[in-house]
Amino acid sequence: MKFDYLIVGSGLFGATFAYRAKQQGKKCFVIDKRPHLGGNVYCENVEGINVHKYGAHIFHTSSKEVWDFVNTIVPFNRYTNCPVANYKGTLFNLPFNLNTFYQMWGVLTPEEAKAKIEEQKAQAVKMLNGREPQNLEEQALSLVGKDIFEKLIKEYTEKQWGRKCSDLPAFIIKRLPVRFVFDNNYFNDKYQGIPIGGYNKLIEGLLEGIETKTGVDFFNSEYREWRKFADKLVYSGQIDQYFDYQFGKLDWRTVTFKTRVEDTSNYQGNAVVNYTSHQEPYTRVIEHKHFEMFGQDVYDSPRTVVSEEYSTEYKDGMEPYYPVNDERNNALADQYRQLAAQEKDVIFGGRLAEYKYYDMAPVVEKVMNMWNLK
């Protein structure tokens, strides 16, 4: 049996593509090298809690079309992302808002907060002496000043990237959201939430009725000769690997997790707590039940699952997470993208295949638009 599409990777790009293709009467076959479907949104059930195995995933979008689409697959809950930052035992609300500024300086009004930030920004701008910021540290100082930078940005960013802020390019942090309202909602989007029952429900719904096979490495299987099996290939793996690294390997940052069960119903009172100092080697701690349990439900579940998240440099055999968008890697990725554009009957899509950081909603929207154009 020959398929219209062989889809490599069952993450959000591959699964949404398969769903839209099936709607158009196309036959798809989805393979994935992991032992499960869903890519990085896969959840593992532990103690009755959906554990985000590959890190916290919060769906957010301002597109009603995208929101309505995913909710036709599975209804989403009302989870709102309000992370907390822990700096050496002192807690601050994120993103930077009037709660943060009150916690930082004791200021009570928007005017007082603006005056404090402007005063600190002015010191940083004076140090630049008329020149543009040359690195992330100078950029951040000129945007929010010394106190916020040193407590909430500097060490956290260095843990994330494994490099000093003075060695990171300025463009990484061109804009920092600063709000002069008491609003801890991290996202500005109209819609956000988590699939009720976890992300596996979303992936299962997208792939319902579609042939899938897990534990299959595209490059070390019969499917490498994909034209025997399908008219077209949809590839969502690493773009440099597809081309056998002929220009060299792209750099990635990756994340590892230490997950444990705690014998308490409520460990930290929030789904996401960022640890912004070097005192802790991890960047944040996730308490998974808070993504889907609210009010009394938290206490009706007697135990909880927490994950410490560690950011590290990618090595072969690890899971690639974030592209390193410096000059070298961007130039290298462009070379691979040019090759990809010349590949006949191959569609490259998603974070790994495009070497681009994506939130979930834009991935879904991109696939929706692809099929709207067909």
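Predicted model: local features only at pLDDT ≥ 70, side-chain atom pairs only at ≥ 80, totals over all residues.
## Basis

Local features need pLDDT of at least 70 and side-chain atom pairs count only at pLDDT 80 or more, while totals for chains, interfaces and linings use all residues. Residues are numbered from 1 along each chain as its sequence is written, and side-chain values use heavy atoms, with hydrogens and water left out.

## Cysteines

The structure holds zero disulfides. A disulfide here is a pair of cysteine sulfur atoms within 2.5 Å.

Cys-43 is buried, at 2% relative accessible area. Cys-28 is also buried, at 6% relative accessibility. Buried means under 20% relative accessible area, exposed over 50%, and partly exposed in between, with a 1.4 Å probe and protein chains only.

## Helices α3 and α6

Two packed helices are described by the angle between their axes and the distance between the axes. Helix α3 spans residues 98-105 and helix α6 spans residues 146-161. They pack at about 100 degrees, with axes 11 Å apart. That makes α3 roughly perpendicular to α6. The label covers 65 to 115 degrees; under 35 is roughly parallel, over 145 roughly antiparallel, and the rest oblique. Axes are lines fitted to C-alpha atoms, for helices over the stretch in contact, and angles run from 0 to 180 degrees between N-to-C directions. Helices (H or I, at least four residues) and strands (E, at least two) are DSSP runs, numbered from the N terminus.

From α3, Thr-100, Phe-101, Met-104 and Trp-105 take part in the contact. They meet Asp-147, Ile-148, Lys-151 and Leu-152 of α6. Contact means heavy atoms within 4.5 Å. The residues of this contact divide into five nonpolar, one polar and two charged. Ala, Val, Leu, Ile, Met, Phe, Trp, Tyr, Cys and Pro count as nonpolar, Asp, Glu, Lys and Arg as charged, and the others, Gly among them, as polar.

Most residues other than glycine have a negative phi, and most peptide bonds are trans. Leu-94 and Pro-95 are joined by a cis peptide bond, with omega about -5 degrees. Pro-95 sits in the loop between β7 (90-93) and α3.

Glu-47 is not a glycine, yet has a positive phi of about 55 degrees. Its loop runs between β3 (43-46) and β4 (49-52). Glu-47 is partly exposed, at 39% relative accessible area. Asn-129, not a glycine, has a positive phi of about 55 degrees. Asn-129 lies in the loop between α4 (110-128) and α5 (136-144) and is exposed, at 69%.
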